[in-house]
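Here are my notes on this model, point by point. Please keep the structure open beside them.

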Amino acid sequence: MSKLLEIKTLGQLKQTDYRSRSVKDELRANLIAQLQKSEDGFEGIIGFEDTVIPDLQTAILSRHNILLLGLRGQAKTRIARLLVNLLDEYTPYIEGSELYDDPLNPISWYGHSIVTEKGDDTPIAWLHRSERYTEKLATPDVTVADLIGDVDPIKAATMKLTYSDERVIHFGLIPRAHRGIFVINELPDLQARIQVSLFNILQEKDIQIRGFKLRLPLDLQFVFTANPEDYTNRGSIVTPLKDRIESQILTHYPRSVEISRKITQQEALLTSEQKTAIEADGLVKDLVEQIAFEARNSEYIDKKSGVSARLTISAYENLISNAERRMIINREASTFVRITDFLGVIPAITGKIELVYEGELEGPAKVANLLIGKAIKTLMLTFFPDPEKAKKSKSPNPYAEIVNWFGNGNTIALIDDLPAAEYKKLLNQVPGLKAFVKQFHPRLSENQQLLLMEFVLHGLAEFSQLNKGFLDNGFAFSDMFNSLFNLQPDDEDDDLDLDDDRYNN
């Protein structure tokens with residue numbers, strides 16, 4: 001490759017084995033080589049190995065323009081950006097060319113004229129594949145001039161040229177992406193009249209500027225991304241344009257908690273201090289993912305909008321940071337994530353869900369709390385016996401000792417900022433709780449054991465075996481049938497509202 005970059009003229013280039021080929025042929029050839037070597041060309045894309053990636057590879061082999069269709073947060077843009085890796089590392093172009101003309105196949109006035117003038121002495125430069133990617137977010141204010149170009153009257157007057165001369169045109173993003181990959185994100189947001197301007201480029205390779213038809217055989221790989229057309233009132237892809245996009249590939253959300261967890265752990269941005277000082281058990285990691293799964297099935301959330309994978313990533317970062325905050329406040333060297341830390345996850349949820357009318361009535365914070373509760377209830381059944389079945393069973397109820405203790409008027413309040421020693425003391429004072437966890441999970445570290453002890457209390461509350469009151473900065477557990485208003489909290493907790501949490505008005 002280093003020898004190739006030493007080539008500086010067209011004559012030198014002709015002496016090599018370089019041959020002109022289209023971007024789509026280039027992508028196809030490099031994909032074939034990649035498949036033959038069994039290499040992973042879409043590193044970091046998890047959960048699409050058997051669905052989206054094979055469809056994408058088929059489209060590339062067919063040399064198709066591609067539409068990635070799916071709800072938000074389904075890695076559509078990331079997939080488009082990874083296509084750059086299928087381009088040649090370096091490609092030659094005529095130095096000074098605005099459109100990066102192929103030295104053996106120029107398309108612009110500048111490219112033709114300089115080759116005619118200098119012949120084999122035409123200067124050559126090299127373009128790295130990272131510079132052959134252009135991305136545009138479609139917004140209602142995008143114009144034809146932005147994408148295609150416009151006539152520059154000052155240039156026409158200065159050079160004394162007519163408006164129909166190619167030299168007076170200021171090219172837009174699409175012509176400047178010649179010999180590369182051009183991506184339009186959120187295609188339905190593009191006004192219909194702007195979408196129409198793409199027709200000829202996709203089919204006939206013509207571009208029309210101010211009524212002047214310019215024949216430019218642009219060499220482009222188009223990739224479009226879009227949410228489904230029925231998503232709110234944003235607009236849609238005009239049918240003739242959709243017809244010209246040869247392959248439409250449907251993306252999807254992770255189909256299991258395991259896959260979703262891999263994505264979150266890969267994408268979450270944690271500091272080295274957070275990674276070393278804060279222990280996050282598999283339970284809390286799965287709880288984060290389960291929240292998203294519950295949200296996608298929730299009657300309060302707009303299913304057409306979707307629940308982005310960014311929800312779980314932000315939620316996990318907040319979860320770790322909430323534990324870190326407690327660790328710093330209590331001057332502890334290390335800590336582990338507790339269930340109470342999920343209070344810090346609520347802001348990450350409320351900003352990433354679109355509620356239907358019923359959800360708006362409940363309020364985003366309450367919906368977030370409901371989702372966390374449902375996630376706890378779902379995972380409770382994977383760790384411990386079903387509390388409802390245990391209560392109805394003729395066999396001894398394994399939860400009886402725990403529930404009866406609360407039934408005798410006892411309560412505990414698990415505050416967000418509890419030091420480790422106090423947190424441990426509170427949980428250990430519930431009779432039978434530690435023995436119950438040990439019965440079903442005998443080989444646990446102390447931190448894991450404490451986490452599951454707290455988890456059992458939250459789980460019992462979700463199954464209506466205990467009452468869970470929301471404090472400003474934590475939770476209070478009591479008997480299901482005793483009013484929380486009759487509790488006698490400690491002096492420092494006199495101002496706590498047991499009916500609400502800090503995110504509700």
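**Notes on the model**

1. Asp-302 is buried (under 20% relative accessible area; exposed is over 50%, partly exposed in between, with a 1.4 Å probe and protein chains only). For charge, Lys and Arg count as positive and Asp and Glu as negative, while His and the chain ends are not counted. Asp-302 sits in the loop between helix H15 (282-296) and helix H16 (309-329). Helices (H or I, at least four residues) and strands (E, at least two) are DSSP runs, numbered from the N terminus. Leaving aside neighbours within four places in sequence, Asp-302 is in contact (heavy atoms within 4.5 Å) with Glu-354, Leu-355 and Val-356.

2. A word on the basis. This is a predicted model, in which local features need pLDDT of at least 70 and side-chain atom pairs count only at pLDDT 80 or more, whereas totals for chains, interfaces and linings use all residues. Residues are numbered from 1 along each chain as its sequence is written, and side-chain values use heavy atoms, with hydrogens and water left out.

3. Next, the salt bridges. The structure holds 16 of them. One joins the side chains of Arg-132 and Glu-26, at 2.8 Å from N to O. Arg-132 lies in the loop between strand S3 (124-128) and strand S4 (133-137), and Glu-26 lies in helix H3 (residues 23-36), so the pair ties together parts that are 106 residues apart in sequence. Both Arg-132 and Glu-26 are buried.

4. Asp-88 belongs with that pair. Leaving aside neighbours within four places in sequence, Asp-88 is in contact with Arg-21, Glu-26, Asn-30, Arg-129 and Arg-132. Asp-88 is in the loop between helix H5 (76-82) and strand S2 (90-94). Asp-88 is partly exposed, with a relative accessible area of 22%. The C-alpha atoms of Asp-88 and Val-337 are separated by 46 Å, and these residues are 249 apart along the chain.

5. Other charged pairs. Lys-366 and Glu-362 meet in a salt bridge through their side chains (3.3 Å, N to O). Lys-366 is partly exposed at 38% relative accessibility, and Glu-362 is partly exposed at 30%. The side chains of Lys-468 and Glu-462 also form a salt bridge (3.5 Å, N to O). Here Lys-468 is buried at 16% relative accessibility, whereas Glu-462 is partly exposed at 22%.

6. How do helices H23 and H24 cross? The axes of H23 (residues 433-440) and H24 (residues 446-462) come within 9 Å and cross at roughly 110°. Axes are lines fitted to C-alpha atoms, for helices over the stretch in contact, and angles run from 0 to 180 degrees between N-to-C directions. That makes H23 roughly perpendicular to H24. Angles of 65 to 115 degrees count as roughly perpendicular, under 35 as roughly parallel, over 145 as roughly antiparallel and the rest as oblique. H23 contributes Leu-433, Lys-434, Phe-436, Val-437 and Lys-438 to the contact, and H24 contributes Gln-449, Leu-452, Met-453, Val-456 and Leu-457. By class, this contact has 7 nonpolar, 1 polar and 2 charged residues. Ala, Val, Leu, Ile, Met, Phe, Trp, Tyr, Cys and Pro count as nonpolar, Asp, Glu, Lys and Arg as charged, and the others, Gly among them, as polar.

7. H24 also meets H21. The axes of helix H21 (residues 400-407) and H24 come within 12 Å and cross at roughly 75°. H21 and H24 are therefore roughly perpendicular to each other. The contact is made by Ile-402, Val-403 and Phe-406 of H21 with Val-456, Leu-457 and Leu-460 of H24. By class, it has 6 nonpolar, no polar and no charged residues.

8. Last, check the backbone. Most residues other than glycine have a negative phi. Ser-464 has a positive phi near 60°. Ser-464 lies in the loop between H24 and strand S15 (466-471), and is partly exposed at 44% relative accessibility. Glu-186 has a positive phi of about 55°. Glu-186 lies in the loop between strand S7 (180-185) and helix H10 (192-196).

How values were computed: A salt bridge is a side-chain nitrogen of Lys or Arg within 4 Å of a carboxyl oxygen of Asp or Glu.
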